[in-house]
Amino acid sequence: MPVQALQCKECHEQYPLDARYVCDRCFGPLEVKYDYSGLDPDGARRKIQAGPRSIWRYSDFLPFESRPPAPLTTGTTPLLKADRLAERLGLREVYVKNDAANPTHSFKDRVVTIALAKARELGYKIVACPSTGNLANAVAAHAAANGLESYVFIPADLEEQKILATGVYGTTLVKVRGSYDDVNRLCMELASEREDWAFVNVNVRPYYAEGSKTLGYEIAEQLAFTLPDRVVCPIASGSLFTKIARGFQEWQEVGLIADADKQPVFNGAQGEGCAPVATAFSEGWEICKPVRPSGIAKSLAIGNPADGPYALELARKSGGTVESVSDDEIREGIRLLAETTGVFTETAGGTTTAVLRKLAERGDIDRDERVVLVITGEGLKTLDAVRDTFEAHEIDPSTKAFEALEGTSVRA
Amino acid sequence: MPGPMAVTVKIPTQLRSVTGGEAETSVEDATTVGEVLDGLYERFDGLRERIAEDGDLRRFVNVYVEGEDIRFLDGLETPVEDGDEVTILPAVAGG
């Protein structure tokens, strides 16, 4: 397998493939380095196409020497051609990558599958995470499936559905009185003291982040080994956003994508209640100024985004933008996606859909572009966002009552 | 008689190789976060290069006073008081 080492993204210092996430020399983030020089593109393509219907079909591009055990089946989620959404927006070709179709209904299954497989390989028996909700669901479920003990730390004011869909797996669930950034700081301090715990997005974060590349690989494979013209994707920490691009880039380097120079445009989506990356983008800053999150897009509520600088770099380099939308626009985005595609997404997906709409209405998208909208999570997890946005008609069980209703307000 | 003013500093794992393994230390007579860090730089050889660059903190270093990110306060000018806890942490986790 091509996996080689951990390498600092800032100063390029290399480290062995163990549980570490920060460069000892410059404090920069570490990421997994591969050597693809021995990989033949035709062979790699055949191996992918003959592989399992899960993220493990991309084993050559993941940080393991051989395929590790992973009891839940993650990945190969649908890429839906969304013709009616495209039509509503005056576009020709829009695809919805529906990553709610994962074991715990969000893209976090990808990162957690990789993080837990690596944690087991490194000998950890206990896994943990700070989470805005989706990660909590995924860590609790995958830990249960792997027979690992788990601790999940969440902001105390998280949506009830996300709390229930975490606790059910028998994790130790800790509600912290504070924002996600407070929870994250607590977990970083704990990670310094609990050496026998694998915090999926702290001390094994370089591996965890690799899981997000599989979303990029899937999009490319589902488009017959080509790249879209544009990707619209939510930004919380900025990790998913940058890793989708990374996945594309690796396949271009290896030769799995014929057009080696194509650079898809990347648009990032944030809610106005927590938009440190969008603000830095429009102000022309290279780093993000932290904010205190508010608003309904709680899964995106990271006020101090770890990969903010890299997300900004990607948006600018690719000719894209990072946009923010209001809570009302997010609610409308959820309805727009549901009514035109049959996909019910959570507030993060509403945010992303609202940003796509904003870009289209502003005329930023060429009509002939092939656009991929990345939907990262399931609407059933944030039901409050759609409460009272439509009416349900209550009647007595008689045809007369129904006909009376039809005569007044309802048109079929 | 009151003792000298002291601030507790929590050191992350990644910096303990330059603090001789110490996870917690204290700095006396500092009135701002910048002075706390200067106190540490004097005591621990090699610490400055690790977390600072051109007189400012590196972009992947976060510093907190009593749990609050100093970027919400006055940055390196943030005042510290006797008994305060200053925490240094990497900025690359989470999400």
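## Reading contacts, domains and a helix pair

Author: Let's start where the two chains meet: 28 residues from chain A and 22 residues from chain B make up the contact. Two residues are in contact if their C-beta atoms, placed from the backbone, lie within 7 Å. This is a predicted model, in which local features need pLDDT of at least 70, side-chain atom pairs count only at pLDDT 80 or more, and totals for chains, interfaces and linings use all residues. Residues are numbered from 1 along each chain as its sequence is written, while chains are lettered from A and ligands numbered from 1 in the order in which they are written.

Reader: Which helix gives the largest share of the side of chain A that touches chain B?

Author: Helices (H or I, at least four residues) and strands (E, at least two) are DSSP runs, numbered from the N terminus. Here helix H6 of chain A, residues 180–193, gives the largest share, with 5 residues.

Reader: How many residues of each class does that side have?

Author: Ala, Val, Leu, Ile, Met, Phe, Trp, Tyr, Cys and Pro count as nonpolar, Asp, Glu, Lys and Arg as charged, and the others, Gly among them, as polar. The side of chain A that touches chain B has 15 nonpolar, 7 polar and 6 charged residues.

Reader: What domains does chain A have?

Author: Domain bounds come from an automatic or database domain assignment. For chain A it gives domain 1 (79–105 + 212–385) and domain 2 (108–211). Taken over C-alpha atoms, their centres are 24 Å apart. Where they touch, 24 residues of domain 1 of chain A are in contact with 21 residues of domain 2 of chain A.

Reader: At what angle do H10(A) and H11(A) cross?

Author: Axes are lines fitted to C-alpha atoms, for helices over the stretch in contact, and angles run from 0 to 180 degrees between N-to-C directions. These two axes come within 10 Å and cross at roughly 50°. Therefore H10(A) is oblique to H11(A); angles under 35 degrees count as roughly parallel, over 145 as roughly antiparallel, 65 to 115 as roughly perpendicular and the rest as oblique.
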